[in-house]
Amino acid sequence: MRYLYTTLGKLPADRLGMILPHEHVFVDLRTPDQPGYAEAEKESVVSLMVPQIEAIKALGVTALVECSTGGVGRRADLDLAVSIAADFPIVVPTGIYREPWIPAWVRDASEEALYQWMVDELDTGIEETGFRAGWIKISAGDDGITPLETRILRAATQASKKTGALIGSHTIRGSVVMDQLDIIKEEGGSPERFLSIHTHAEPDFALHKAIVARGAWIEYDNIGAVPVEESAALIMRALDAGLVNHLLVSHDRGWYDPAQPNGGVPKPYTVVNTELLPLLKRSGVTSDTVVQLFHKNPFAAFSRR
């Protein structure tokens with residue numbers, strides 16, 4: 001049996017419905033060496049972000065995936081605080097972002113040490129939170145994967161093999177995704193446990209199809225950042241190309257930002273429900289396809305035994 005590993009424990013598919021697979025509750029896009037990096041008061045984060053969660057709960061969303069990882073301000077303790085206050089499960093990653101956001105300790109860590117750290121967070125728990133990481137979030141540079149990013153990917157692949165966890169990578173260029181899939185193959189990993197995050201940013205649609213052809217997931221996660229008609233058109237193109245069983249859709253929105261006064265102004269997670277889904281249905285997308293895209297696919301991608 002497969003489960004989604006969340007802040008509120010492991011959940012089977014029959015306890016879940018719609019899942020938003022790429023959002024942020026808390027993120028700090030400053031580099032880790034900056035003063036005040038990732039620092040915030042729990043009460044302030046809860047006050048700002050719980051109403052955002054309550055808004056999607058009211059629309060039928062049952063879980064979201066937090067995509068802030070090591071290097072961009074992951075605060076699993078604050079994810080947990082928001083989750084408990086809203087009574088809403090959040091899936092939090094282990095893993096490390098790309099250069100120059102990689103923390104100093106990672107630069108000095110061996111591949112084996114990185115592997116063991118990821119496995120510990122996936123199998124035992126994140127820091128002192130008491131809950132387990134649900135997946136592995138990494139990244140690669142736009143102009144190609146660096147040696148340090150490669151070391152992280154190799155460690156992540158071995159951790160994925162050990163735990164069954166999904167590896168999701170912030171990778172803008174499809175050609176770099178293909179390089180990452182080559183490395184995963186070299187390590188004996190499974191492309192079916194890899195997610196190309198921000199696939200919408202790759203203008204060559206042939207690469208979207210090529211990534212799926214290798215067995216990996218693709219994700220269009222800019223809903224609300226561009227006109228919803230543009231997002232709907234790309235989704236329809238993917239559906240027409242037969243990519244429905246490998247496609248995830250989300251906003252990449254939120255979030256509490258400690259670099260901004262009072263955490264900044266969050267961007268709501270509601271556009272998928274209030275704007276995109278009605279447009280897709282008017283375009284002829286069936287209820288079964290909606291369930292596949294927004295219920296079944298996220299669970300299949302992020303769940304593990």
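Predicted model: local features only at pLDDT ≥ 70, side-chain atom pairs only at ≥ 80, totals over all residues.
How does the lining of the second largest pocket divide by class into nonpolar, polar and charged residues?

Residues are numbered from 1 along each chain as its sequence is written, and side-chain values use heavy atoms, with hydrogens and water left out.

Aromatic pairs come up 4 times in the structure; rings of Phe, Tyr and Trp (its six-membered ring) pair if their centres lie within 6.5 Å, and planes under 30 degrees apart count as stacked, over 60 as edge-to-face and the rest as tilted. One of them is stacked: phenylalanine 26 and tyrosine 256, at 5.7 Å centre to centre and 10 degrees between the planes. Phenylalanine 26 is buried at 1% relative accessibility, and tyrosine 256 is buried at 6%; buried means under 20% relative accessible area, exposed over 50%, partly exposed in between (1.4 Å probe, protein chains only). Tyrosine 97 and tryptophan 101 are both buried too.

Next, charges over rings, which require NZ of Lys or CZ of Arg within 6 Å of the ring centre and within 35 degrees of the ring normal. Lysine 10 has its charged end over the ring of tyrosine 3, 4.5 Å from the centre. For arginine 304 the ring is that of tyrosine 5, at 4.3 Å.

Back to the opening question. The second largest pocket is lined by 8 nonpolar, 5 polar and 2 charged residues. Ala, Val, Leu, Ile, Met, Phe, Trp, Tyr, Cys and Pro count as nonpolar, Asp, Glu, Lys and Arg as charged, and the others, Gly among them, as polar.
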